[in-house]
Amino acid sequence: MEIDFNNITFDENGLLPAIVQDANTGQVLNLAYMNKEAFEKTIETKETWFFSRKRQALWNKGATSGNKQVVQEISLDCDQDALLLKVNPFGPACHTGDVTCFHDMLYQNKPANFEVIQQLTNRISERRNNPVEGSYTTYLFDMGVDKILKKVGEEASEVIIGAKNTDKEEVTWEVADLTYHTLVLMEVLGVAVTDIYDELSERHIQKKAEQND
């Protein structure tokens, strides 16, 4: 892949801000800076390379820690002076051990939509690996897949009833219940949320793009 650097606006220090985002969850992992050489190395190796303003040196994310970021996609913003990198992270992005460098919450009204699913998925997985007495999720895992399947069926039926009643509030409630129980089932079967994302993308986005070619 060849980059036309004449179409990219580096700042007076020859740097470009690069926002790094988890390609699977959409979570912003870190913000760093690239010079032309770091950009070229990122393209060449398909791993993130940055320029440290403090050390005045190139650095390859994960070279020491092993927490590498494999690049899936790079976008340039409309002003051509900032990058968005979508990556598959292999370990936490932050030197503190946190998944993201943006872990110091200053204000939150409610989690972003994609974060809710990710947080719920993580909680379900945690309950499976570390059972908690009195937890409904732990109870479902203890009862086994037949019980979980029964609940998925029941909640799907409740969605249908709510829809027949044209009751938006009821449908919202029941779809939420169905989503939760489906995520529990997915955990048992080893189906990741990203597997669903990929399948939906293949069916409805990539195929549509191919049809428009």
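Reader: So buried means under 20% relative accessible area, exposed over 50%, and partly exposed in between (1.4 Å probe, protein chains only). Which one is Arg203?

Author: Arg203 counts as partly exposed, because its relative accessibility is 48%. Bear in mind that this is a predicted model, where local features need pLDDT of at least 70, side-chain atom pairs count only at pLDDT 80 or more, and totals for chains, interfaces and linings use all residues. Residues are numbered from 1 along each chain as its sequence is written, and side-chain values use heavy atoms, leaving out hydrogens and water.

Reader: What does Arg203 pair with in a salt bridge?

Author: Glu199 is the partner, and the closest N and O atoms are 2.9 Å apart. A salt bridge here is a side-chain nitrogen of Lys or Arg within 4 Å of a carboxyl oxygen of Asp or Glu. Both residues are in helix 6 (residues 193-212), and because they are four residues apart there, about one helical turn separates them. Glu199 is also partly exposed, at 38%.

Reader: How many salt bridges are there?

Author: Seven in the structure. Lys151, Glu154 and Glu155 are linked in a network of them.

Reader: Where are Glu187 and Arg128, which also form one?

Author: Glu187 and Arg128 meet at 3.6 Å, N to O. Glu187 is buried, at 18% relative accessible area, whereas Arg128 is partly exposed, at 37%.

Reader: And which residue does Lys68 bridge to?

Author: Glu47, with 3.1 Å between the closest N and O atoms. That pair links distant parts of the chain, 21 residues apart: Lys68 is in the loop between strand 4 (57-60) and strand 5 (69-76), and Glu47 is in the loop between helix 1 (36-45) and strand 3 (49-52). Lys68 is partly exposed, at 25%.

Reader: Changing topic. How many helices and strands in total?

Author: Six helices and six strands. They are DSSP runs numbered from the N terminus: helices are H or I, at least four residues, and strands are E, at least two. From the N terminus the order is β-β-α-β-β-β-β-α-α-α-α-α.

Reader: What size of box do the C-alpha atoms fill?

Author: Roughly 60 × 45 × 30 Å, taken along the principal axes. Of the chain's 213 residues, 29% count as buried.

Reader: Is Glu12 buried or exposed?

Author: Exposed, because its relative accessible area is 73%. Glu12 sits in the segment before strand 1 (16-22). Its C-alpha atom is 26 Å from that of Thr45, 33 residues away along the chain.
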